[in-house]
Amino acid sequence: MAVHKFNIKDSFLEGFKIFKKNWKFILLSLLLVFVVRMVLGGIVDGIDNSINAGGGIEVIVNWVVDSFMTMGAIIISLRLIDGKKVEYADLFKHYPLFLKYLLGSVLVSMIMLIPLVITTLGANLGLPILSFIGFVAIIFPGIYLSLKYQFTTYLILDHGMHPIDAFRSEERRV
């Protein structure tokens with residue numbers, strides 16, 4: 001396996017070059033995402049208020065919509081980096097990967113959530129040693145593992161991988 005050296009300056013220059021070439025598409029895509037989010041947010045807020053759900057439905061729908069829109073942004077970014085043609089439909093046509101992406105996102109989030117829950121439990125139960133253990137787990141293994149698995153969702157979207165396979169691929173990468 002060939003080792004590629006990473007150069008921050010070259011990466012920023014390449015990113016800026018891609019942005020300059022596609023700035024209209026990128027800005028219009030952001031505007032489209034904003035409009036979709038605002039319209040759906042208004043609809044969901046109205047439904048949530050009409051059935052007196054206390055914001056619960058709104059939170060869930062916002063999480064799903066945000067995840068879906070993030071998927072579209074990632075796919076468009078990857079296509080631009082690969083020099084492929086992009087279209088506005090790329091924001092929405094990745095729905096077959098949605099459940100895989102959500103599962104991968106939840107698994108990656110658990111890396112930091114579990115130590116955070118341990119820390120909070122320790123504080124709420126008056127067990128400072130448990131809080132300390134959770135805090136240490138956030139700082140050392142939590143940050144390391146978060147960095148190690150940060151591209152798991154990208155592998156899911158770019159290669160259609162199952163979340164567990166994406167994690168395993170990240171295992172071999174580091």
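**Close-up 1. Salt bridge between Lys17 and Glu14 in the predicted model.** The closest N and O atoms of Lys17 and Glu14 are 3.3 Å apart. Both residues belong to helix α1, where a spacing of three residues separates them by about one helical turn. Glu14 is partly exposed, its relative accessible area being 37%. The structure contains seven salt bridges.

**Close-up 2. Salt-bridge network that includes Asp90.** Arg79, Lys85, Glu87, Asp90 and Lys93 are linked in this network. Between Arg79 and Asp90, the closest N and O atoms are 3.5 Å apart. Asp90 is buried at 2% relative accessibility, whereas Arg79 is partly exposed at 27% and Lys93 is partly exposed at 47%.

**Close-up 3. Aromatic pair of Tyr149 and Phe167.** This is one of four aromatic pairs found in the whole structure. The ring centres are 4.7 Å apart and the planes meet at 45°, so the pair is tilted. Tyr149 sits in the loop between α4 (128-148) and α5 (152-159), and Phe167 in helix α6 (residues 163-173), 18 residues apart. Both residues are buried.

**Close-up 4. The second largest pocket, with a volume of about 350 Å³.** Of its 16 lining residues, Ile26, Ala73, Ile76, Ser77 and Leu80 are the closest to the centre. Helices α1 (8-50) and α2 (56-81) each give two or more residues to the lining, and the largest share, nine residues, comes from α1. By class, the lining has eleven nonpolar, four polar and one charged residues.

Definitions and conventions:
Residues numbered from 1 in each chain as written. Predicted model: local features only at pLDDT ≥ 70, side-chain atom pairs only at ≥ 80, totals over all residues. Heavy atoms only, no water. Phe/Tyr/Trp six-rings, centres within 6.5 Å; stacked < 30°, edge-to-face > 60°. Helix = DSSP H or I, 4+ residues; strand = E, 2+ residues; numbered from the N terminus. Buried < 20%, exposed > 50% of the residue type's maximum accessible area, 1.4 Å probe, protein only. 1 Å grid on protein atoms, 1.4 Å probe; cavity = no way out; pocket = protein on both sides within 12 Å on 5 of 7 lines; lining within 4 Å. Points joined across faces, edges and corners; volume = space filled by probe spheres on them. Nonpolar A, V, L, I, M, F, W, Y, C, P; charged D, E, K, R; others polar. Salt bridge = Lys/Arg side-chain N within 4 Å of Asp/Glu carboxyl O.
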